[in-house]
Amino acid sequence: MDANLEKEFGWEDEIEKESEFVLLPAGNYKFKVESFERSRSKGEGKLPPCNMAIIKIRVDGDNNQSALITYNLVLHSSLEWKISEFFAGIGQKKKGEKTRMNWQFVPGSTGTCEIGIKTYNGNEYNEIKKFYPKDPSYSQPKSNGQTSSGGYTAGQF
C-alpha cells in the first residue's frame, strides 16, 4: 500500500506529519504556478457570482523555505486590471495588446511578485500584492540597489 495515499485515521492511529506552513517576510520573490482549478465565486459586495480561477503559487524564500499561496482570480470586467497583471506576470500579456487567457499554459509558469502579510482572525498569512510583468515595455519597480529578503532586486530580471 502506498504510504503517500490520503486516508482516514482511526482513533488509535499514529501520526507524524507536522504543518508545512511558512510565513515569508514581506518582499519581492520569484514564483512558480503549481496548478489552477476552475471555480465560481459566490459574489461579494458589488461582484456577482462569476468564474474564478483558484491558482496555487509556490514562492521560494531564503534558507530553502517556500510557501504555497492560494490566489483567487475572479474573472469579472471590474477586475480586468488584476487579470491583466497576472497574465503579464507570467509572460502571456504584452503591454497595450489584447490577450486571450490561455489557461493551458498557466501551470508551470514563472515570474516575480510582491508578497505582503495579512492578518485574518488573529493569524498572519502571506498574500500576493502584485505581479511584476515580464515584458520590459512595462515600467519596472524602482530599485534602491539592495536585495530584499526574497533574494530579488526590484527591477532586475
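This section describes the salt bridges, the cysteines and a charged surface patch. The structure is a predicted model.

Side chains of opposite charge can pair when their charged atoms come close. The count here comes to 3 salt bridges. In one of them, Arg58 pairs with Glu34, with the closest N and O atoms 2.9 Å apart. Arg58 belongs to strand E2 (residues 51-60) and Glu34 to strand E1, so this contact ties together parts that are 24 residues apart in sequence. Arg58 is partly exposed, at 25% relative accessible area. Glu34 is also partly exposed, at 41%.

A salt bridge also joins Glu85 and Lys130, at 3.3 Å from N to O. Glu85 sits in helix H1 (residues 80-89) and Lys130 in strand E5 (residues 123-132), so the pair links parts that are 45 residues apart in sequence. Glu85 counts as buried, with 16% relative accessibility. Lys130 is partly exposed at 31%.

Glu127 and Lys129 form a further salt bridge, their closest N and O atoms lying 3.6 Å apart. Glu127 is partly exposed, with a relative accessible area of 24%. Lys129 is partly exposed as well, at 49%.

The disulfide count is 0. Cys50 is buried, at 8% relative accessibility. Cys113 is buried too, with a relative accessible area of 0%.

On the surface, a patch of negative charge gathers Glu12, Asp13, Glu14 and Glu16. Glu14 lies in the segment before strand E1 (27-40). Its relative accessible area is 76%, so Glu14 counts as exposed, the cut-off being over 50%.

Terms used
Residues are numbered from 1 along each chain as its sequence is written. This is a predicted model: local features need pLDDT of at least 70, side-chain atom pairs count only at pLDDT 80 or more; totals for chains, interfaces and linings use all residues. Side-chain values use heavy atoms; hydrogens and water are left out. Patches are made of residues with over 30% relative accessible area and no salt bridge: like charges are joined within 9 Å, nonpolar side chains (Val, Leu, Ile, Met, Phe, Trp, Tyr) within 5 Å. Accessible areas come from the Shrake-Rupley method with a 1.4 Å probe; for residues, only the protein chains shown count as cover. A salt bridge is a side-chain nitrogen of Lys or Arg within 4 Å of a carboxyl oxygen of Asp or Glu. Lys and Arg count as positive and Asp and Glu as negative; His and the chain ends are not counted. The place of a charge is taken as NZ of Lys, CZ of Arg, CG of Asp or CD of Glu. Helices (H or I, at least four residues) and strands (E, at least two) are DSSP runs, numbered from the N terminus. Buried means under 20% relative accessible area, exposed over 50%, partly exposed in between (1.4 Å probe, protein chains only). A disulfide is a pair of cysteine sulfur atoms within 2.5 Å.
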